[in-house]
Amino acid sequence: MKITDAAGKIETLVDSLRDMSPTRVRSSSSDEHVSENDDERSSWIALHPSALDMFDKIMTDAEGKQIIMFLDYDGTLSLITEDHDKAYITDEMREVVKEVATYFKTAIISGRSTDKVQSFVKLTGIHYAGSHGMDIKGPTNTDQSNQGEVMFQPASDYLPMIDEVVNVLKEKTKSIPGATVEHNKFCLTVHFRRVDETGWAALAEQVRLVLIDYPKLRLTQGRKVLELRPSIKWDKGKALEFLLNSLGIAESKDVLPVYIGDDRTDEDAFKVLCERGQGFGIVVSKTLKETYASYSLQDPSQVKEFLERLVKWKKQTLGEEEEVIHKID
């Protein structure tokens with residue numbers, strides 16, 4: 001590769017990182033500019049209305065259908081934190097997710113390793129799909145620990161390579177202040193939330209150099225992260241489809257999959273639901289972004305409120321059903 005080509009690619013990558021991971025809120029220089037932003041937000045909200053405001057409509061559409069819940073972790077169930085090892089879920093959110101899983105089949109699909117997500121969530125009886133769905137575990141009747149058995153690992157052949165590359169990547173990036181590398185079993189995540197923006201190009205260049213030596217890996221981006229993943233056709237959307245199939249409900253017309261997520265990687269799942277013409281995505285974002293999601297929520301506190309209302313709706317529905325049965329008897 002020519003040096004000029006490499007420099008151009010790094011510049012393009014850094015520009016993309018700035019767009020996806022803004023370090024500051026753009027200020028408005030005039031009332032006219034504010035009006036334009038307001039118009040843009042109104043147009044975006046019209047396309048992706050609040051799932052809280054549209055809750056009654058959503059539940060009307062869900063009548064007579066089996067809701068299946070798919071949840072991202074970071075930025076959805078937990079706040080985004082400066083220290084990625086401290087992105088803890090609150091006790092209140094954990095209790096809500098536990099209730100959701102009591103009434104609906106539930107899966108958490110995350111870029112983190114399955115073990116890491118399980119250690120944060122600490123809930124049994126649900127499906128976990130870590131490493132962007134490349135490490136799927138689920139509850140079984142024979143699993144006495146209720147931690148779930150491994151259901152699918154489409155990139156298992158890559159494990160030795162991933163274990164090798166993590167050390168190379170740490171060595172390459174150690175000179176860049178604030179950069180950290182997280183080993184997520186089937187993928188490697190380079191966090192640059194603590195890296196000054198002036199250091200992003202140097203970080204991207206070091207990651208690119210690693211990729212040259214390991215062409216079987218590919219680079220993807222997220223919020224303040226660069227990720228190295230196996231070059232296989234697998235993502236959160238594929239994981240969603242796999243789970244629907246494993247649950248034996250992929251072909252059912254009476255199923256309503258709901259996926260809540262905040263990151264670019266969640267768009268793969270939103271897109272799958274759009275293509276299926278069944279179920280819908282809810283994007284968690286305070287900023288305008290292109291998305292396949294049908295609805296929106298602003299932050300994890302609104303996710304919690306939505307899940308609480310969902311549980312309340314289900315309890316009310318079950319109560320009404322029991323009342324009807326009682327009258328018939």
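Analyst: The model is a predicted one, and its protein chain has 10 helices and 12 strands. Of the 329 residues of this chain, 47% count as buried. Among the contacts with a separation of 6 or more, 62% come from residues 24 or more positions apart.

The part you ask about is an open sheet of four strands, ordered E6-E7-E9-E8 and paired in the antiparallel sense. Strand E6 (180-183) and strand E8 (217-222) are at the edges, and because each has a single partner strand, one side of each is left without a neighbour in the sheet. On average, and with direction ignored, neighbouring strands of this sheet are turned by 25° against each other.

The loop between E6 and E7 holds Lys185, which has a positive phi of about 70° although it is not a glycine. Lys185 counts as partly exposed, because its relative accessibility is 26%. The loop between E8 and E9 contains another such lysine, Lys224, whose phi is near 60°, again a positive value in a residue other than glycine. Lys224 is buried, because its relative accessible area of 11% is under the 20% cut-off.

Phe192 is found in the loop between E7 and H7, and the C-alpha atoms of Phe192 and Lys224 are separated by 5.5 Å although the residues are 32 apart along the chain. With a relative accessible area of 1%, Phe192 is buried.

Helix H7 (residues 200-213) lies across E7, E8 and strand E9 (225-230), and it runs at about 5° to E9. The helix has 14 residues and reaches 21 Å from its first C-alpha to its last, which is close to the 20 Å expected at 1.5 Å a residue. Its buried residues are Trp200, Leu203, Ala204, Val207, Arg208, Val210 and Leu211. Seen down the axis of H7, these buried residues fall within an arc of 160°, so they line one face of the helix.

Turning to the aromatic pairs, a pair of rings is described by the distance of the centres and the angle of the planes. The count of aromatic pairs comes to eight. In one of them, the ring centres of Tyr259 and Phe270 are 5.6 Å apart and the planes stand at 90°, so the pair is edge-to-face. This pair links distant parts of the chain, with Tyr259 in strand E10 (residues 255-261) and Phe270 in helix H9 (residues 267-276), 11 residues apart. Both Tyr259 and Phe270 are buried.

Phe280 and Tyr295 form an aromatic pair that is likewise edge-to-face, with 5.1 Å from centre to centre and 80° between the planes. Here too distant parts of the chain are linked, since Phe280 is in strand E11 (residues 280-284) and Tyr295 in strand E12 (residues 295-297), 15 residues apart. Phe280 counts as buried at 8% relative accessibility, and Tyr295 is buried with a relative accessible area of 9%. Elsewhere, ring pairs link Tyr73, Tyr88 and Phe120 into a cluster.

Strand E11 brings Phe280 back into the picture of strand pairing. E10 and E11 run parallel and are joined by four bridges, and Phe280 in E11 is the bridge partner of Val258. Five of the five residues of E11 are buried, so this strand is largely enclosed by the rest of the structure. Both of its faces are covered, with Phe280, Ile282 and Val284 buried on one side and Gly281 and Val283 buried on the other.

Methods:
Residues are numbered from 1 along each chain as its sequence is written. This is a predicted model: local features need pLDDT of at least 70, side-chain atom pairs count only at pLDDT 80 or more; totals for chains, interfaces and linings use all residues. Side-chain values use heavy atoms; hydrogens and water are left out. Two strands pair if DSSP finds at least two bridges between them. Helices (H or I, at least four residues) and strands (E, at least two) are DSSP runs, numbered from the N terminus. Axes are lines fitted to C-alpha atoms, for helices over the stretch in contact, and angles run from 0 to 180 degrees between N-to-C directions. Contact means heavy atoms within 4.5 Å. Rings of Phe, Tyr and Trp (its six-membered ring) pair if their centres lie within 6.5 Å; planes under 30 degrees apart count as stacked, over 60 as edge-to-face and the rest as tilted. Buried means under 20% relative accessible area, exposed over 50%, partly exposed in between (1.4 Å probe, protein chains only). The expected span of a helix is 1.5 Å times one less than its number of residues. The arc is that of the directions from the helix axis to the C-beta atoms.
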